[in-house]
Number of protein chains: 2
Amino acid sequence: MANNDFKKEMNKEETVQISHERLRKFTFDALREVGAPERDAEQIAECLIDSDLRGVYSHGIMRLPIYIHHCRKQGPGSINPKPNIQVVKEGPSYAHIDGDNGIGHLVSIKAMENAMDKAKKTGMAFSSVFNSNHNGAEAYFAHMAAEKNMIGYCVTVGGRNIIAPTGGLTPMLGNNPFAYAMPAGKEYPIVLDMACSVVARGWILMAIKNNWKVPDGWAVDKDGNPTNDAQEAYDGLVLPIGGYKGYALTFISAVLGGVLSGAAIGNEVTDLYQDFDRSQNVGHFMWALDIETIMPVSEFKMRMDRLIQEMRTSRMMKDVDRIYVPGEKEFITKEANLKNGVPVSLGVLKELNSMSSLKLDF
Amino acid sequence: MANNDFKKEMNKEETVQISHERLRKFTFDALREVGAPERDAEQIAECLIDSDLRGVYSHGIMRLPIYIHHCRKQGPGSINPKPNIQVVKEGPSYAHIDGDNGIGHLVSIKAMENAMDKAKKTGMAFSSVFNSNHNGAEAYFAHMAAEKNMIGYCVTVGGRNIIAPTGGLTPMLGNNPFAYAMPAGKEYPIVLDMACSVVARGWILMAIKNNWKVPDGWAVDKDGNPTNDAQEAYDGLVLPIGGYKGYALTFISAVLGGVLSGAAIGNEVTDLYQDFDRSQNVGHFMWALDIETIMPVSEFKMRMDRLIQEMRTSRMMKDVDRIYVPGEKEFITKEANLKNGVPVSLGVLKELNSMSSLKLDF
């Protein structure tokens with residue numbers, strides 16, 4: 001897997017190990033400094049550092065400087081550090097939610113909680129969210145449902161258009177990542193968190209920050225030529241998985257997260273790193289489903305364990321020594337990072353330490 | 001696109017054009033002959049021939065002989081042509097449905113109707129289905145929702161395990177196709193119907209029937225070597241899209257359609273073409289979401305049209321003369337096939353005419 005090679009590459013780069021408590025405290029302090037209420041800052045920090053713990057470094061503390069930058073701005077392009085997140089319309093199994101231009105992680109947590117509360121009563125419910133911002137890794141919100149014996153789904157739209165329609169050269173759709181999570185018994189929950197592109201754009205951003213090449217097959221430049229240059233890839237087109245299937249998937253995600261909610265779609269979508277004069281109006285869509293309505297949770301979990309364990313009995317390819325199930329590697333990484341600290345690249349560390357007067361000592 | 005080349009290949013093969021009315025009548029008669037009630041036979045025929053009209057020949061009348069064969073059988077491996085489809089448990093936004101071993105198309109139509117009725121009241125609802133059978137193309141059921149100004153989703157599990165976990169060589173998961181559909185205004189509805197494999201196995205089956213080679217990148221043989229031989233591909237492994245992403249997607253689909261409903265999962269999954277002595281116990285999962293709860297339908301449709309039309313303004317690659325949106329090609333094909341008749345390959349025609357005393361004259 002190109003992605004795994006890239007992660008190995010990262011592991012060879014110079015990093016420092018910092019405890020998750022220290023990273024969380026630093027994030028909390030930085031958010032408090034720009035005016036976030038205590039409970040909000042806690043929830044956002046928890047969510048961000050969870051990505052780092054799970055080894056999804058592209059969506060962890062690395063993103064903090066840009067959020068802080070947006071929060072510090074005044075006027076229409078700023079992010080609101082003290083949002084009044086409101087349900088503008090709701091019924092038994094739905095809620096339409098105005099994120100009040102808050103940090104996307106916070107908005108998404110509130111929206112998922114709303115969907116879960118309703119699903120507990122009706123069996124299934126969704127939240128359709130507009131006027132939000134970048135919300136990091138979708139896995140966190142889907143996993144909230146899995147922790148409560150539900151199945152969770154979450155998709156987000158926007159952040160920058162990077163995918164062209166099949167046959168086209170103009171980036172018109174985001175990679176619009178989505179996540180599913182469902183609980184298991186003795187095994188880790190199953191968690192899928194994927195972008196519709198071959199890789200999440202965060203990895204390319206990390207390659208730029210660290211001056212790395214990107215592997216073959218990830219991207220083409222703006223004229224459609226294959227490239228290994230991270231900046232050219234960032235300025236060009238990330239390729240969707242499975243060709244027209246990935247294009248179709250990301251289009252569907254744009255409808256679920258953007259068209260339905262009233263959030264930015266198509267050419268209204270902004271770039272988190274380049275648009276500072278208009279609000280991002282990022283949309284999310286999420287649903288929760290209460291397992292107990294269909295099957296005793298214990299039976300569901302037993303069936304999950306059985307399916308998971310069966311995967312491990314597969315004959316293996318040469319040079320493969322074990323089979324993993326979706327999300328498993330991230331849970332294993334989380335256990336290691338909880339114990340050993342989170343590896344933070346020197347490039348990211350430098351940026352964190354020049355972001356404000358706060359210093360990330362370790 | 002390999003898939004498109006393959007379709008072009010098919011267009012070069014010898015086919016006869018048969019009117020959709022004739023195909024529907026033949027299908028109806030064949031189902032009536034094995035004991036299906038009139039209304040059920042109508043609905044199944046409508047669903048099957050819709051696939052042929054949309055150009056998805058791999059899931060149309062080509063499949064009729066195997067369904068008829070299963071319906072004719074007696075005992076545990078047979079399909080029940082007169083199922084008593086029952087809701088075994090339900091609440092405001094959910095239903096657990098026993099398909100009574102009926103033909104999957106019929107079971108799925110009933111289950112989607114149930115989800116749509118509930119969604120109209122609560123905003124969103126799902127059906128979890130067990131004890132069903134192969135249900136053809138998922139697009140039909142998702143599209144039922146789009147026709148009623150809803151967003152629809154449908155996934156099915158089973159039919160035969162063909163995908164190995166990443167790093168593995170044992171086929172342990174089906175390609176578990178899923179579909180989304182949502183209405184537009186002046187434009188066709190958006191419909192995504194995809195398998196988690198690079199191509200639907202139906203195309204490989206059609207290649208066997210017609211003695212065609214399969215393109216590079218579709219499949220490996222049972223030892224993991226790339227192959228262009230259709231039979232080797234059928235006996236080996238179809239590759240998932242995006243590597244581990246496709247594996248994860250199909251695993252999630254197995255949970256939604258199989259683990260939750262109580263249907264066959266993992267090594268319980270049967271092969272429609274080889275298992276005649278045990279019931280298939282195919283599972284489905286579908287949900288419907290009422291757009292009107294969030295946004296006036298007219299506004300939603302206007303936003304859909306805008307996003308669709310924007311795609312067509314993309315710069316195009318060399319040799320590309322227009323951009324399509326998901327499902328559009330199938331609607332265009334449907335208009336042509338409604339007018340000119342459906343192309344049926346001579347191999348499929350021969351099989352249909354030797355299936356029973358019925359003759360497909362044209």
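I began with strand β7 (residues 190–194) of chain A, which is mostly covered: five of its five residues are buried. I took a residue as buried if 20 or more other C-beta atoms lie within 10 Å of its own, exposed if 12 or fewer, and partly exposed in between, with C-beta atoms placed from the backbone. Helices (H or I, at least four residues) and strands (E, at least two) are DSSP runs, numbered from the N terminus.

The model is predicted: local features need pLDDT of at least 70, side-chain atom pairs count only at pLDDT 80 or more, and totals for chains, interfaces and linings use all residues. Residues are numbered from 1 along each chain as its sequence is written, and chains are lettered from A and ligands numbered from 1 in the order in which they are written.

**Entry: β7(A) and its partner**

I looked at both faces of β7(A) and found them covered. A:I190, A:L192 and A:M194 are buried on one side, and A:V191 and A:D193 are buried on the other. I then noted that β6 (residues 178–182) of chain A pairs with β7(A) in the antiparallel sense, over five bridges. Pairing here requires that DSSP finds at least two bridges between two strands. Opposite A:V191 in β7(A) stands A:A181.

**Entry: the sheet of chain B**

In what order do the strands of the open sheet in chain B lie? I read seven strands in the order β2-β3-β4-β10-β5-β6-β7, with mixed pairing. β2 and β7 of chain B are the edge strands, each pairing on one side only. From one strand to the next the twist averages 10°. I followed β4(B) to β10(B): the two run antiparallel and are joined by seven bridges. B:S132 has B:V282 in β10(B) as its bridge partner.

**Entry: the contact between the chains**

I counted the contact as 66 residues from chain B and 66 residues from chain A, where two residues are in contact if their C-beta atoms, placed from the backbone, lie within 7 Å. Several elements of chain B each supply at least two residues of the side that touches chain A, among them β2 (86–91), β3 (94–98), β4 (124–132) and α10. The largest share of that side, nine residues, comes from α9(B). By class, the side of chain B that touches chain A has 42 nonpolar, 18 polar and six charged residues. For these classes, Ala, Val, Leu, Ile, Met, Phe, Trp, Tyr, Cys and Pro count as nonpolar, Asp, Glu, Lys and Arg as charged, and the others, Gly among them, as polar.

Axes are lines fitted to C-alpha atoms, for helices over the stretch in contact, and angles run from 0 to 180 degrees between N-to-C directions.

How is chain B superposed on chain A? A rotation of 180° with 0.0 Å of shift along its axis does so, with an RMSD of 0.0 Å. That is the relation of a two-fold axis.

**Entry: buried residues of chain B**

B:F300 is in helix α10 (residues 297–311) of chain B. I classed B:F300 as buried because 23 other C-beta atoms lie within 10 Å. Residues up to four places away in sequence aside, B:F300 touches A:V259, A:L260, B:I291 and B:M295. B:F300 and B:N149 are 151 residues apart in sequence, and 9.5 Å apart in space, C-alpha to C-alpha.

B:L256 lies in helix α9 of chain B. B:L256 counts as buried because it has 28 C-beta neighbours inside 10 Å. Beyond its neighbours within four places in sequence, B:L256 is in contact with B:V155 and B:F285.

**Entry: two loop residues with positive phi**

B:D100 is in the loop between β3 and α5 (104–122) of chain B, and its phi is near 50°, a positive value in a residue other than glycine. Is B:D100 buried or partly exposed? B:D100 counts as partly exposed because it has 15 C-beta neighbours inside 10 Å.

B:N211 lies in the loop between α7 (201–210) and β8 (219–220) of chain B. B:N211 is not a glycine, yet has a positive phi of about 60°. I classed B:N211 as exposed, with 10 other C-beta atoms within 10 Å.

Technical notes
Least-squares fit on C-alpha atoms with pLDDT ≥ 70 in both.
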